[in-house]
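Subject: Structure handover

Hi,

Here is the structure I promised to pass on to you. My notes on what turned up in it follow below the model.

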Amino acid sequence: MATRDLKIPSQRHPEKAKRPDTVQPRKPDWIRVKAPTSDGYKQTRDIMRENKLVTVCEEAGCPNVGECWSQGHATMMIMGEVCTRACTFCNIATGKPPESLDVFEPGRVADAVKKLGLNHVVITSVDRDDVEDGGAEHFAQTIRAVRRQSPTTTIEILTPDFIKCAPEALEVVVAAKPDVFNHNLETVPGLYPEVRPGARYFHSLRLLQRVKELDSSMFTKSGIMVGLGEDRQAVIQVMDDMRAADIDFLTIGQYLQPTPKHHVLDRFVTPDEFAAYEKAAFGKGFLMVSATPLTRSSYHAGDDFARLREARLKKLGQA
C-alpha cells in the first residue's frame, strides 16, 4: 500500500485492470470545455493544497473544474481519496483506505471555506465501509466546524449510502442540520449490478425518504447520469420513484467514460433530450431540476440552492 501510486490507472483502479478496453468516442461540440488557466482557478487550487484537502472536482475528473474553481467554488471531498466501493463509472481511486479518519480535517475544511469566502459549500466523501458509522460523525463534525467559522454559509452534503451502518448513522448527519442532503442514485435500477454493484437502488431511495421523515424542512437532492445504456422509460420511472420519496431537487448529467477500463459509454445524449427530461421532471413536481450535458451534482450548486429556496417559498405562497 505504501508504494501504491494513485496517478497510475492500474494502481488507482486495481479491480478494473483486467477489464477489456473499450473505445472512447470523440466528444460532440456541446460537451467540450476549455482547459483551466485563470488566476481564480490557481488561487482556489493553492488554497486546497495549503489546507491539504482533496476535492471531488479533481479526483473524479469533473469537466467543470475550470469554470467552478475560477469562481472560487470547489467541492470538498472528506475521509481520504481511496473509496471502498468499486463502481464501474467512477474515477475515484478504489481499494482499502490506507489511513484512518483525520480528526483535524473538519477544521481544515472550515478554514478553506472561510478563505474562499463561500456563500454555499458542497461537502462530499468517498465511501468508507471500513468505518463503523460510515463516516457519519465525521460529516457531522465537518458541518459543525463550517458553521462555527462561516455561520452564514449554506451547507450541502453529498453522502454515501451508509448501507452497512446502523440507522443511527443517518440520524447523526441529519441532526447536524445541513441545508441540503444529497445522495445520488447515479443510474436506473436495471443497471445497478454492473454500474453500482456495492449499492442497492431502493436502499438509496429509502435513505433520502428517511431524511425527510427525520427533518421535513431539510432539502433533499439526488441525481443520475445518462448515456450508460438506460432508456427514457427507465429515467421517467426514476423520476416517479424520487417524487414518491419526496425528493426536492433532481440533477441529470451526461456520463463521460474516465478511462477505457471503465463502464462503456453507450451514447451522448443530445441537449434537446436533456431539455425534455427537465420539462418532464418539473411536471412531476420537483422544486428544482438541472438537466444538461455538463450537469454534475455540485455544478452551480449555490445559485441552484437560491432557486430551490425561492421555489419552496412560492409553493407555500410566501414569495
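Strands β8 (219-226) and β9 (249-254) pair in the parallel sense, with 6 bridges between them. Strands here are DSSP E runs of at least two residues, helices are H or I runs of at least four, both numbered from the N terminus, and two strands pair if DSSP finds at least two bridges between them. One of the bridge partners is L250 in β9, which goes with S222. β8 also runs parallel to β7, joined to it by 3 bridges, and there F181 stands opposite T220 of β8.

β8 is largely enclosed by the rest of the structure, because 8 of its 8 residues are buried. Buried means under 20% relative accessible area, exposed means over 50%, and partly exposed is in between, using a 1.4 Å probe and protein chains only. Both faces of the strand are covered: F219, K221, G223 and M225 are buried on one side, and T220, S222, I224 and V226 on the other.

Before I go on, a word on the basis of all this: it is a predicted model, so local features need pLDDT of at least 70 and side-chain atom pairs count only at pLDDT 80 or more, while totals for chains, interfaces and linings use all residues. Residues are numbered from 1 along each chain as its sequence is written, and side-chain values use heavy atoms, with hydrogens and water left out.

For the overall picture, the protein chain has 12 helices and 10 strands. Of its 319 residues, 53% count as buried. Counting contacts (heavy atoms within 4.5 Å) with a separation of 6 or more, 76% are between residues 24 or more positions apart.

Now the charged pairs. How many salt bridges does a search of the whole structure find? There are 22, a salt bridge being a side-chain nitrogen of Lys or Arg within 4 Å of a carboxyl oxygen of Asp or Glu. Three of them may interest you:

- D127 and R85 meet at 3.7 Å, N to O. The pair links distant parts of the chain, 42 residues apart: D127 is in the loop between β5 (120-125) and α6 (136-149), and R85 in the loop between β3 (82-83) and β4 (93-94). Both D127 and R85 are buried.
- D215 and K177 meet at 2.9 Å, N to O. Here 38 residues separate the partners, with D215 in the loop between α9 (201-214) and β8, and K177 in the loop between α7 (168-175) and β7 (180-182). D215 is buried at 10% relative accessible area, whereas K177 is partly exposed at 47%.
- D248 and R312 have their closest N and O atoms 3.9 Å apart. D248 sits in the loop between α10 (232-244) and β9, and R312 in helix α12 (residues 301-315), 64 residues apart. Both are buried, D248 with a relative accessible area of 6% and R312 with 19%.

Shared partners also join R85, D127, D129 and D161 into one network of salt bridges.

Next, helix α5 (residues 105-116). Its 12 residues should span 16 Å at 1.5 Å a residue, and its end C-alpha atoms are 16 Å apart, which agrees; the expected span is 1.5 Å times one less than the number of residues. Which residues of α5 are buried? They are E105, P106, V109, A110, A112, V113 and L116. These lie on the same side of α5, because they cover an arc of only 160 degrees around the axis, taken from the directions from the helix axis to the C-beta atoms. An α-helix has 3.6 residues a turn, so residues three or four places apart point the same way. After α5 comes G117, whose phi is positive, near 65 degrees.

T295 is in the loop between β10 (288-291) and α12, and it is buried at 4% relative accessibility. Its side chain makes polar contacts with those of S290, at 3.0 Å, and T292, at 2.7 Å. A polar contact is a pair of N or O atoms within 3.5 Å; within protein, one must be able to donate a hydrogen and the other to accept it, and residues adjacent in sequence count only if both atoms are side-chain atoms. Leaving out residues up to four places away in sequence, T295 touches T251, I252, G253 and S290.

Lastly, P193 is in helix α8 (residues 192-195) and is exposed, at 66% relative accessible area.

Best wishes
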